[in-house]
Amino acid sequence: MAVKSPIENFAGFVAGLDKADMPEVARHHARRCVLDWFAATVPGGVLSPATLLQSAVAEDLDRGRARLIPSGRRATARAAALINGAASHTVEFDDIYRDGLFHPGVVVIPAALALAEDKGVSGEVFLRAVIAGYETANRIAAAVNPAHYDFWHTTATVGFFGAAAASSAVLGLSASQTAHALASAGTMAAGLQQAFRAEAMSKPLHAGRAAEGGLLAARMAEAGITGALDILDGAAGFGAAMSRNVDWTAAVAGLGTDWTIERTTQKNHAACGHVHAAVDAAWEIVTANGLAVGDIARIEVGSYAKSLEICGNADPKTAFEAKFSLPYCVGAAIATGAVRIAAFTPEALADPDIRAIAAKVDHSVDPDCEAAFPKKRSARVAIETVDGRHFSHHAPTRKGDPDAPLSDAELDAKFTELTADVLGGGSDALRDAIWRIDTMPTLAALPVGAPALKAG
């Protein structure tokens, strides 16, 4: 018997998931992921680049059966996946698969949702498709990282596979068709880290493009278009070209028994995940010891190298740069008590207290934190006060990570905080519907859309 390629192993899993006996804990985590995705997408949908994309693809709007978030405006499935995917990756509140340096929700869910609305399938089919996408992409992401993350944005690249897997599940493709969808996705996958090391809209576009591209790959496979089934493990394939020494056997081990979706991180701060542990540690010191802005003379932060490389900018000029600035986010936490969306308004960027604290942060690489990366995202923070007192705290993980998760109640509160200003009273109705989404005959009953935004 011929040995199956990793693509074929993933495809067999995805195609068989419609009949699989899935544990309730995995299903519950899938509902949490969908709720968290909407929490990030609703506020992102009223910002650029999502608003600008509506002009760029205007010919695909006001027709079709998919909907844009949060307006409810009609769109073709591909346009909805593109725009909703970009919207969900804009306010930096999207979920994370820590082991894979990857944001699965922003690529998997918009593709699955757009096709589910387009095809009129049930909420049960949709939820299983979400799980299919997470399980496929999470494992590929973990297999190619951390080497892949030297240059590539995992969400942009591996995201194509997750979106293709979810889309194949919605369409009910066979194992053979799904394999070709994943194969086509693999040769289209791209997205460079340089895109989010400057003031640009490319990073959220990475998510949207991966969602749209994975959806397209599934539709192409449905139409009979074939791909190279060794695109992951071939001599000139994804692993060889974009990583080093990938163990593809380990990547597929445990499929259908070990559910990676249960280890999803839901963010507690509206910033790059590489700043979270430092924010948590600094906040613990300040609150435990009753420190005020004027008490602080110096802050030393030790974290892992990627945190310094990506989030070391001590003087951000824009909201985008500030979300990738560890000193700024630590300053915002201490000065205002939170690193939520309000921390990145023009008023906050000009706040002298935030800037004063940020200027006192010395950010360096801590050997223990570096050794623990990427399995742990940790930080050591030491604060010296103006009267000579010294305090320190080690955050071995981040609030929201699998070993320190947000509760369902905290996730509900996050959802309300992020969506109520946009949706008004519709926020509670959408939240309640998402918690029972797998009971819906179709997703047409999902109360998406703020009336004032429907014109786009």
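In this predicted model, P374 sits in the loop between α18 (367-372) and β5 (379-385). The peptide bond that joins F373 and P374 is cis, with omega about 5 degrees. A cis bond is also found from I69 to P70, where omega is near 10 degrees. P70 belongs to the loop between β1 (61-67) and β2 (74-75).

Strand β1 also holds D62. This residue is not a glycine, yet D62 has a positive phi of about 65 degrees. Is D62 buried or exposed? With a relative accessible area of 54%, D62 is exposed, because the cut-off for that class is over 50%. N245 is another residue other than glycine with a positive phi, here near 50 degrees. The loop between α10 (238-242) and α11 contains N245. Its relative accessibility is 80%, so N245 counts as exposed.

The interior comes next. In soluble globular proteins, nonpolar side chains tend to be buried together. The largest nonpolar core of this model has 152 residues. Helix α6 (residues 123-144) gives the most to this core, contributing 12 residues. F38, F126, I299 and L446 are the residues with the most contacts inside the core. Which residues does F126 touch, leaving aside those up to four places away in sequence? They are V34, I109, A112, L113, A116, I437 and L443.

Helix α2 (residues 24-44) and α6 pack at an angle of about 90 degrees, and their axes are 10 Å apart. An angle of 65 to 115 degrees counts as roughly perpendicular, and α2 and α6 are therefore roughly perpendicular to each other. Sorted by class, the contact of α2 with α6 comprises 9 nonpolar and 4 charged residues, with no polar ones.

Helix α6 is also a packing partner of helix α1. In α1 (residues 6-16), the buried residues are P6, I7, F10, A11, F13 and V14. Why do they lie on the same side of α1? They cover an arc of only 160 degrees around the axis, which puts them on the same side of the helix. Besides α6, the buried residues of α1 pack against α7 (154-171), α8 (175-188) and α11 (248-252).

Methods
Residues numbered from 1 in each chain as written. Predicted model: local features only at pLDDT ≥ 70, side-chain atom pairs only at ≥ 80, totals over all residues. Heavy atoms only, no water. Core = buried A, V, L, I, M, F, W, Y, C linked by side-chain atoms within 4.5 Å. Buried < 20%, exposed > 50% of the residue type's maximum accessible area, 1.4 Å probe, protein only. Helix = DSSP H or I, 4+ residues; strand = E, 2+ residues; numbered from the N terminus. Contact = heavy atoms within 4.5 Å. Arc of directions from axis to C-beta. Axes fitted to C-alpha atoms, helices over the stretch in contact; angles between N-to-C directions. Parallel < 35°, antiparallel > 145°, perpendicular 65-115°, else oblique. Nonpolar A, V, L, I, M, F, W, Y, C, P; charged D, E, K, R; others polar.
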